[in-house]
Amino acid sequence: MNYYGGCDVGSTYTKAVILKEDGAIAASTILRSKINAAESSRLAMQSCAEQVEGLCGPEDLTYIVGTGYGRNRVPFAQENVSEISCHAMGVHITDPTVKAIIDIGGQDIKGIAVAEDGTVKNFAMNDKCAAGTGRFYEAMARSFEMSLEEFSALSLRAKNVIPITAQCTVFAESEVIALVGEGRPPEEIAAGIQMAVAKRCFVMAKKAGAVNHITLSGGCAKNEGLKKAIEKVLKIKVTALSVDPQLMGALGAAEFARRKGGRK
Amino acid sequence: MKDLKYRVFFERLLSDVKNELVEQALDGGRLALGYSCYYVPEVLLNLEGCFSVRLRAPGIADTSIATYYMSEKTCMYSRSILERAIEGGFNFFAALLSTETCGMMHRAHEHFEMLNLVKDQNERFFVSHLDAPFVTKDYALRHYERQLQKHILDRLNDTYGVDTSETALRTAIEKHNALCRVVTAIGEYRKQKNPPLTGYEFHLIELVSECCPHDLILPYLEETLEELKTRQPDETPWYRVRVVLAGGENDDPDFTKLIEDCGAFVAADRYCFGSLPGREEIEIREGETALAAVARHYIETNQCPRFMNPEKVQGRKRYLKQLADEYSADGLIIQQMKFCEYWEYERMYCQHVMESDYGLPCMGIEKEYINTSTGQLRTRFQAFVEALETKQLAREA
């Protein structure tokens with residue numbers, strides 16, 4: 001049996017997926033990224049390989065594709081593919097009905113329109129600052145002294161939304177602290193933060209040409225409060241994926257590996 | 001592919017505005033004339049005893065003082081030029097020839113006067129501002145010709161006694177055309193399926209032709225052209241796709257290199273100072289004066305999005321498509337400096353029109369003058385290359 005690997009070295013998390021010959025997922029891993037991208041990829045792929053009987057490490061895989069910001073530093077990858085193409089492919093093989101993706105990663109937001117065959121039709125990216133990214137959420141949750149899951153749950157309890165005016169992560173954090181200090185309801189502030197990010201997602205999705213059948217990928221896709229806010233601003237129901245949305249980049253990379261490696 | 005003989009030399013020349021060839025010309029008593037816009041005809045700054053120097057600020061790291069004077073909502077190119085001027089980087093200039101075309105750059109040029117930037121080094125230094133037309137009608141052409149006479153030729157003649165006679169202009173045009181012929185001949189190699197030079201190398205060549213005295217750089221360019229005749233490229237083309245790179249100011253060869261590192265060969269260039277159409281020869285028609293020919297040439301070939309008349313607006317799109325066809329490009333990358341008032345609109349417009357009306361996949365990039373976030377740009381370029389490749393495979397299938 002041949003196995004194919006995809007390794008998505010993100011700025012915050014490193015994800016790895018191993019696919020069987022028929023495209024079924026054999027194993028997956030999500031690890032916090034280290035400062036050294038090569039080491040992150042090695043740890044993630046090793047941990048993933050150990051989950052599959054008969055595999056000892058990355059060297060036992062037939063073909064590996066690297067992706068993510070550290071894609072050039074995956075030492076055992078035969079090639080690298082941009083995370084934009086990989087997210088499109090990962091989502092496409094998970095749910096071929098999806099036509100657009102909002103990928104909220106650790107350091108950027110991407111709007112990706114997907115073609116019928118899973119390739120990228122168009123994309124737009126916000127990579128100039130951390131506003132609305134995973135780093136932004138980490139800072140906001142920190143202001144509430146909560147985990148990301150608790151923060152998401154808190155926002156869902158809000159009956160009203162307090163708008164957050166600052167887009168900059170640093171200033172937004174100060175604004176949140178000031179609002180909390182004023183005694184404003186925390187759940188309404190949290191809902192305001194979700195709405196601010198949803199608006200940025202709206203712009204990216206529209207810039208990429210997203211019309212319908214949209215889904216979320218990346219770590220922030222697990223944030224239920226954000227999903228609801230995006231549905232509200234886009235006026236489209238967000239399609240839920242059957243595979244962890246944080247794995248989409250690695251899954252797409254593994255699928256590219258399967259297609260390319262299978263031809264060898 | 002073996003390195004070009006003068007690649008490192010060209011890179012060195014571009015690392016400083018006052019490079020060794022500029023120094024050599026200054027030592028010979030010639031006048032350095034700065035300019036930053038296609039509306040200022042380079043040929044008029046290369047009359048006997050003068051040489052043109054394109055305004056650049058290589059390696060600029062901080063624009064704090066310029067930002068104070070011009071605000072942070074202005075393009076980094078204009079702020080970088082002002083900052084470099086404040087640092088004394090253009091103190092060797094005899095004059096700065098400016099236009100009221102790009103508003104932000106014009107403000108930067110005004111600060112040369114307001115802050116007395118070069119004048120304290122050279123009493124006779126002047127900044128001259130010419131008014132350029134928005135349309136291409138006959139009256140606009142005549143106005144432009146008068147502006148060139150008044151704000152460039154007369155100022156040079158009055159201040160430094162530069163010979164601006166018909167004969168002197170014709171000689172300058174001949175020399176200019178000789179340079180254009182060599183650069184164009186080098187650029188033509190990019191049309192080959194397996195070209196003997198990269199887009200990065202060509203960008204270096206085009207830039208040194210704008211940043212160095214023409215007569216001093218020409219021998220190196222001629223030798224490079226000879227070298228290319230026998231230069232052997234690798235057996236199979238190194239690139240995955242071919243692109244046209246268009247847009248506003250771009251004097252950063254590393255930007256071209258970044259695109260090429262992602263697998264896209266920059267087969268044709270069409271920016272403020274690109275070789276296309278920047279290195280087209282000037283033709284003097286029968287019965288035309290040299291100055292009239294220069295004015296007509298620079299208005300006719302001008303691809304600046306500042307032109308509002310429909311022929312120019314449509315012509316710009318047709319020109320990009322023509323370049324894509326001639327240079328067998330699979331796609332188009334349009335780069336725009338952040339806050340560039342003209343290209344901001346043009347880029348958005350092109351992104352839609354080039355794909356929908358001309359079937360040419362197009363990616364828009366908003367960039368800084370000196371790019372630091374190369375990781376993010378790399379992701380965008382690579383994704384575009386992958387998308388173009390997919391389309392290519394689909395076409396072949």
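# Angles, pairings and contacts

Me: The axes of helix α3 (residues 134-143) and helix α5 (residues 169-181), both of chain A, come within 9 Å and cross at roughly 20 degrees. Why is α3(A) called roughly parallel to α5(A)?

Reply: Set the angle against the cut-offs (under 35 degrees roughly parallel, over 145 roughly antiparallel, 65 to 115 roughly perpendicular, the rest oblique). A crossing of roughly 20 degrees makes α3(A) roughly parallel to α5(A). The axes are fitted to C-alpha atoms, over the stretch in contact for helices, and angles between N-to-C directions run from 0 to 180 degrees. This is a predicted model: local features need pLDDT of at least 70 and side-chain atom pairs pLDDT 80 or more, while totals for chains, interfaces and linings use all residues. Residues are numbered from 1 along each chain, and chains are lettered from A and ligands numbered from 1 as written.

Me: Which residues make the contact of α3(A) with α5(A)?

Reply: From α3(A) come Arg135(A), Phe136(A), Ala139(A), Met140(A) and Ser143(A). From α5(A) come Thr169(A), Ala172(A), Glu173(A), Val176(A) and Ile177(A). Two residues touch here if their C-beta atoms, placed from the backbone, lie within 7 Å. By class, six are nonpolar, two polar and two charged. (Nonpolar: Ala, Val, Leu, Ile, Met, Phe, Trp, Tyr, Cys, Pro; charged: Asp, Glu, Lys, Arg; polar: the others, Gly among them.)

Me: How do you know that the span of α5(A) agrees with its 13 residues?

Reply: The expected span is 1.5 Å times one less than the number of residues. For the 13 residues of α5(A) that gives 18 Å, and the end C-alpha atoms are 18 Å apart, so the two agree. Just after α5(A), Gly183(A) takes a positive phi of about 85 degrees.

Me: What makes Glu145(A) stand out in its backbone?

Reply: Glu145(A) has a positive phi of about 55 degrees, although it is not a glycine. The residue sits in the loop between α3 and α4 of chain A.

Me: How many residues does each chain bring to the contact between A and B?

Reply: Chain A brings twelve and chain B nine. On the side of chain A, α2 (83-94) and β8 (120-126) each give two or more residues. That side has six nonpolar, three polar and three charged residues.

Me: What makes β6 and β8 of chain B edge strands?

Reply: The open sheet has four strands in the order β6-β5-β7-β8, paired in parallel. β6 (264-270) and β8 (362-367) of chain B each have a single partner strand, so one side of each is left without a neighbour in the sheet. Neighbouring strands are turned by 30 degrees against each other on average, direction ignored.

Me: How do you know that β5(B) and β7(B) pair?

Reply: Pairing takes at least two DSSP bridges. β5 (residues 241-247) and β7 (residues 331-337) of chain B have five, in the parallel sense. In one of them, Val244(B) is partnered by Leu332(B). Helices and strands are themselves DSSP runs, numbered from the N terminus (H or I, at least four residues; E, at least two).

Me: What pairing does the five-stranded sheet of chain A have?

Reply: The pairing is mixed, in an open sheet ordered β8-β7-β6-β9-β10. The edge strands, β8 and β10 (238-239), pair on one side only. β6 (residues 100-104) and β7 (residues 109-114) of chain A are antiparallel over five bridges. Ile102(A) has Gly111(A) in β7(A) as its bridge partner. α2(A) lies across β6, β7, β8 and β9 (214-217) of chain A, at about 55 degrees to β7(A).
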